[in-house]
Every structure is written in C-alpha cells, then in structure tokens.
Amino acid sequence: MGRPNAGKSSLLNAILGYDRAIVTDIPGTTRDTVEERAVLGGVLLRMADTAGLRETDDPVERLGVARARQAAEGAGLVLAVFDGSAPQTAEDKAVLEAAENAPHAVLLCNKSDLPQRWSPPGAIPISAKTGAGLDALEKAVAALFPPETAVPAGEILTNPRQADAVTRALDYIRAARQTLENGFPPDAVLTETEGALSALAELTGRSVREDVTNGIFSRFCVGK
C-alpha cells in the first residue's frame, strides 16, 4: 500500500515479471484491489495491489481507498511503498501508521533511480522501474517468514467430482499401505499405487474419465 503514484502497481508488475496491473502517471488509476500469487524470498504470497491512500471526492476512488485500508487490516504482511523522489505527505504518514499496525511490514522507498528527497527510517531503497533493490526485498520477506513457520498452502475442492477423486486416491493409498504391512509382493502394492495415481491425475486434469467428458458434453456446448 502507499499513496497514489508511489509505484505500487509498478512494484507488483516487477515482482510478477509481467504487466498485471495498469500503470499510468495519472494518480488514482488503481481503484479496486488487484490480486495475484507470487513467490517472494521463497514465500508464497497472495499479493493485493490497492488504491492509493488519499482524501478524494471521487466516490469510486473513495471505495477503492476503503478497500485498501480493509485489505491492510486483514493482511499478514504489508509492503508499504513510498515515493523517495517526492517530499513526505500526510498520506505517507497514514501508510506508516497502517504498516505499524500490521503483523509484519516492510518499508520500501521506491524510485531510487531518481534524485531522493525523503525516506522513512529503515526503508529499503528500490526501483520498481529498474528492479534495483528487489533482491533486498526478497531477503526481508524470507527473514520474516522462515521455512519452519510457513503455513502449508492448501487448495479447495470445489465440486463432488474432485472430492470423489481425492477420496478414491486416499482409499488406494490406505490399501497399498495395508498390502505392504500384510507382506504381499510388490506387484500387489503397485496395483493399489497405480489406482491412487490415476485418481490424482483426474483431480489435476492430467487424465479424464469417459463418464466425465460425456457429462461435460451433455451440459455444455463445447466448440471444436
């Protein structure tokens, strides 16, 4: 988060390696949150580019600012972005307060490729334009979330077919374990293992059963 034109969207694009968020010289370009996953410093993050914090009469931008504050309040990490080429503003102070209230925060003084006029204490100098300082940002994030404290990234099953595939894979794995414990030959274990792999392939989309494809074609008009 940061005030308008601090370089938040440019930073998101630099981390992702492609232009995900729209970047212009016009303040207030970002209205809604733009979310994307990225690995930074070995840590999987669900990043949200938010509207710049400022007082505005634009009702749409006001909603965006409110969402930015809400996102910061619920975030596990706040990347507070400041424009080092411009003097400090009241909006920068609001960003600092939000960072102080977050569980974790990294202060970033952006636009280090330009003459500097201000930088908050402890901020990492970066340039979203040139990529300078992104390695230091990665190290800072890695230090905040060491591997032993990482929370496993879970996935959500969204329909009965996925739940069925997971259940069958687990049943096959249990059967394979039981087969091993009962002293059966490896061929018997392999049969159960292949069944588990087949069920997982259905879950990931590597293979699709004929009844599933028939169901898709019966419910949807699929173009060739």
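1. In this predicted model, the buried residues of helix H6 pack against helix H5 (160-181). The residues concerned are Val189, Gly195, Ala196, Ala199, Ala201 and Glu202. The length of H6 (residues 186-204) is consistent with its geometry: at 1.5 Å a residue, its 19 residues should span 27 Å, and the end C-alpha atoms are 26 Å apart, which agrees.

2. Glu202, listed among the buried residues of H6, also takes part in a network of salt bridges with Asp164 and Arg168. A further salt bridge joins the side chains of arginine 177 and glutamate 181, at 3.3 Å from N to O. Both of these residues belong to helix H5, where they are four residues apart, about one turn of the helix. Arginine 177 is exposed, with a relative accessible area of 58%, and glutamate 181 is exposed as well, at 53%.

3. The count of salt bridges comes to six. One of them pairs aspartate 92 with arginine 3, the closest N and O atoms being 3.2 Å apart. This pair links distant parts of the chain, 89 residues apart: aspartate 92 is in helix H3 (residues 90-101), arginine 3 in the segment before H1. Aspartate 92 has a relative accessible area of 0%, under the 20% limit, and is therefore buried. Arginine 3, at 13%, is buried too.

4. Lysine 111 and aspartate 83 form another salt bridge through their side chains (3.1 Å, N to O). Here, too, distant parts of the chain are linked: lysine 111 lies in the loop between S4 and strand S5 (124-125), and aspartate 83 in strand S3, 28 residues apart. Lysine 111 counts as partly exposed at 22% relative accessibility, whereas aspartate 83 counts as buried at 7%.

5. Strands S1 (residues 34-40) and S2 (residues 43-49) run antiparallel and are joined by seven bridges. Valine 39 is placed opposite leucine 44 in S2. The two strands form a hairpin with two residues between them, and glycine 41 in the turn has a positive phi of about 65°.

6. The largest nonpolar core comprises 22 residues, and Leu11, Leu108 and Leu137 have the most contacts inside it. Two or more residues each come from helix H1 (8-16), S1, S2, strand S3 (78-83), strand S4 (105-110) and helix H4 (134-144). H1 gives the largest share, four residues. Beyond its neighbours within four places in sequence, leucine 137 is in contact with Leu11, Ile15, Leu40, Leu79, Val106, Leu108 and Ile124. Apart from this core lies another, of 17 residues, including Met1, Ala68, Ala102 and Trp118.

Key: Residues numbered from 1 in each chain as written. Predicted model: local features only at pLDDT ≥ 70, side-chain atom pairs only at ≥ 80, totals over all residues. Heavy atoms only, no water. Expected span 1.5 Å × (residues − 1). Buried < 20%, exposed > 50% of the residue type's maximum accessible area, 1.4 Å probe, protein only. Contact = heavy atoms within 4.5 Å. Pairing = 2+ DSSP bridges. Core = buried A, V, L, I, M, F, W, Y, C linked by side-chain atoms within 4.5 Å. Salt bridge = Lys/Arg side-chain N within 4 Å of Asp/Glu carboxyl O.
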